[in-house]
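Me: I have a structure open and want to go through its side-chain contacts. Can we start with the charged pairs?

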Amino acid sequence: MAESGDRGGQQAPCGYDSYRSPLASRYASPEMCFVFSDRYKFRTWRQLWLWLAEAEQTLGLPITDEQIQEMRSNLDNIDFKMAAEEEKQLRHDVMAHVHTFGHCCPKAAAIIHLGATSCYVGDNTDLIILRNAFDLLLPKLARVISRLADFAKERADLPTLGFTHFQPAQLTTVGKRCCLWIQDLCMDLQNLKRVRDDLRFRGVKGTTGTQASFLQLFEGDDQKVEQLDKMVTEKAGFKRAFIITGQTYTRKLDIEVLSVLASLGASVHKICTDIRLLANLKEMEEPFEKQQIGSSAMPYKRNPMRSERCCSLARHLMTLIMDPLQTASVQWFERTLDDSANRRICLAEAFLTADTILNTLQNISEGLVVYPKVIERRIRQELPFMATENIIMAMVKAGGNRQDCHEKIRVLSQQAAAVVKQEGGDNDLIERIQADAYFSPIHSQLDHLLDPSSFTGRASQQVQRFLEEEVYPLLKPYESVMKVKAELCL
């Protein structure tokens, strides 16, 4: 991220002989990598210098149209080699680029960065990048929700065994379980949108946030300084700017940004963990390509590598919240520079990681495979035990004694459980009930009493209501981008 200060280091060599972050070289999308690229950052610095000069000229400072045009014509004419050499000499990234910009704008060189401090370009560029990065993530998250909503709607009525503590529990439906995932992602979508829309511009504030340099430039005209701040804020596309800053915008804002991204990471980790567990049960699988290899040693393997990748990267995303928390806590007075190197890493990595897991989760959600026969078999293994209460109630209605029936069921259940656990056989409780004359009054009702759909409660109706009332309205602003397919880099 753009920060003055951390004047360190030479440009790292490219290619295969030097470390490159896998987030950029292997996982994240080209569009997200570009937003955090040097070209985008330094081009935005120049744009900010141009906006400042334009506003200063409008408010009466002696800046010519020729100078403005020269700056505008050279926004993309960045000599990165020269800038690197300048920074090596000056140990100051912003001044290195002031000199580099001035070199190709000799007529405007004297007024570039007029009245500004390094954080004018550094922090304001960061805020523009954060806003644009959110604008890339939001439609991707909306598409994931949309794909899962289609999946949930299609399977709203398909009964499946529920799990609590990863032990068999009351039945739910495949669609209802998916809605648990969707609900978390909807919360994430709302949170990302809220933080994006709440972003404020640092604006034109000077070295310690007092705007003293600009007040001097405009000879004490307070109103013009206010206008200058407002004009540059509007040129940058922000509705509001911070009224109060030190040298930087408050680093609490970075906590807000990474908090919602870390929360998204938690949601994705839960979803993909569920998918991995279901893959082990052979009830559901992520997409598996025709040429894909699951294991170098075991050719039959169909490992859920996409879900595993999401979990792996989501863990990284969740841990990144510690960086801005600690950075904000140690910003002494108006600012210290120990935020700089840390922010260069954690802010970019958070968005590149979030981008990767959303691209991957969309790919997963577009190709989820369900195996109803496996699900049905597992239900048959567990449902007889769950149906015992219904069987007791039916016997009582047919004139039986509740306590006698309970004891009969208890004995038969223990016998059936022994077959399952000790002999490795199938659950034969229903066969035992059918063979017991005591239960003859309800033998004809057993098929109805064991119908899986009668054990799923209002799951199907809940899916329909949830999608119609909460999900589809939330997705409406993103309708124009819904058809974009996910592409995995590797």
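This is a predicted model: local features need pLDDT of at least 70, side-chain atom pairs count only at pLDDT 80 or more; totals for chains, interfaces and linings use all residues.

Me: Where do K140 and E31 sit in the chain?

Reply: K140 is in helix α7 and E31 is in helix α2 (residues 30–35). The two are 109 residues apart, and the pair links distant parts of the chain.

Me: Is K140 buried or exposed? And what about E31?

Reply: K140 counts as buried, because its relative accessibility is 4% and the cut-off for buried is under 20%. E31 is partly exposed, with a relative accessible area of 36%.

Me: Which residue forms a salt bridge with R344?

Reply: D93, with the closest N and O atoms 3.1 Å apart. The pair links helix α14, which holds R344, to helix α6 (residues 93–104), which holds D93, across 251 residues. D93 is buried at 4% relative accessible area, whereas R344 is partly exposed at 23%.

Me: What does E256 form a salt bridge with?

Reply: E256 forms a salt bridge with R194, and their closest N and O atoms are 3.7 Å apart. E256 lies in helix α11 (residues 252–281) and R194 in helix α8, 62 residues apart. E256 counts as partly exposed at 42% relative accessibility, and R194 is partly exposed with a relative accessible area of 36%.

Me: Which residues do shared partners join into one network?

Reply: D123, R251, R335 and D339, through salt bridges. R251 also lies over the face of Y249, 4.7 Å from the ring centre.

Me: How many salt bridges does the count come to?

Reply: The count is 26 salt bridges.

Me: What is the nearest side chain of opposite charge to R177?

Reply: E283, at 4.5 Å. R177 is buried yet has no salt bridge; the cut-off for one is 4 Å between a side-chain nitrogen and a carboxyl oxygen. R177 is in helix α8 (residues 174–198). Not counting residues up to four places away in sequence, R177 touches T160, L161, G162, F163, T172, L278 and E283.

Me: Switching to rings. How many aromatic pairs are there?

Reply: There are 11 aromatic pairs. One of them is F42 with F80: the ring centres are 6.3 Å apart and the planes are at 55°, so the pair is tilted.

Me: Which helices hold F42 and F80?

Reply: F42 lies in helix α3 (residues 38–58) and F80 in helix α5 (residues 80–90), so the pair ties together parts that are 38 residues apart in sequence. F42 counts as buried at 9% relative accessibility, while F80 is partly exposed at 27%.

Me: And how are the rings of W45 and W49 arranged?

Reply: Their centres are 6.2 Å apart and their planes are at 75°, so the pair is edge-to-face. W45 and W49 are 4 residues apart in helix α3, about one helical turn, and both are buried. F42, W45, W49, F80 and F101 form one aromatic cluster.

Me: Last topic, the largest nonpolar core. Which residues touch the most other members?

Reply: W49, I182, V257, L261, F351 and I391, out of 139 residues in that core. Helix α7 (residues 118–154) gives the largest share, 18 residues.

Me: What is F351 in contact with?

Reply: Leaving aside its neighbours within four places in sequence, F351 is in contact with M32, F36, L130, A133, F134, L137, V257 and L261.

Technical notes:
Residues are numbered from 1 along each chain as its sequence is written. Side-chain values use heavy atoms; hydrogens and water are left out. A nonpolar core is a set of buried Ala, Val, Leu, Ile, Met, Phe, Trp, Tyr and Cys residues joined through side-chain atoms within 4.5 Å. Buried means under 20% relative accessible area, exposed over 50%, partly exposed in between (1.4 Å probe, protein chains only). Contact means heavy atoms within 4.5 Å. Rings of Phe, Tyr and Trp (its six-membered ring) pair if their centres lie within 6.5 Å; planes under 30 degrees apart count as stacked, over 60 as edge-to-face and the rest as tilted. A charge sits over a ring if NZ of Lys or CZ of Arg is within 6 Å of the ring centre and within 35 degrees of the ring normal. Lys and Arg count as positive and Asp and Glu as negative; His and the chain ends are not counted.
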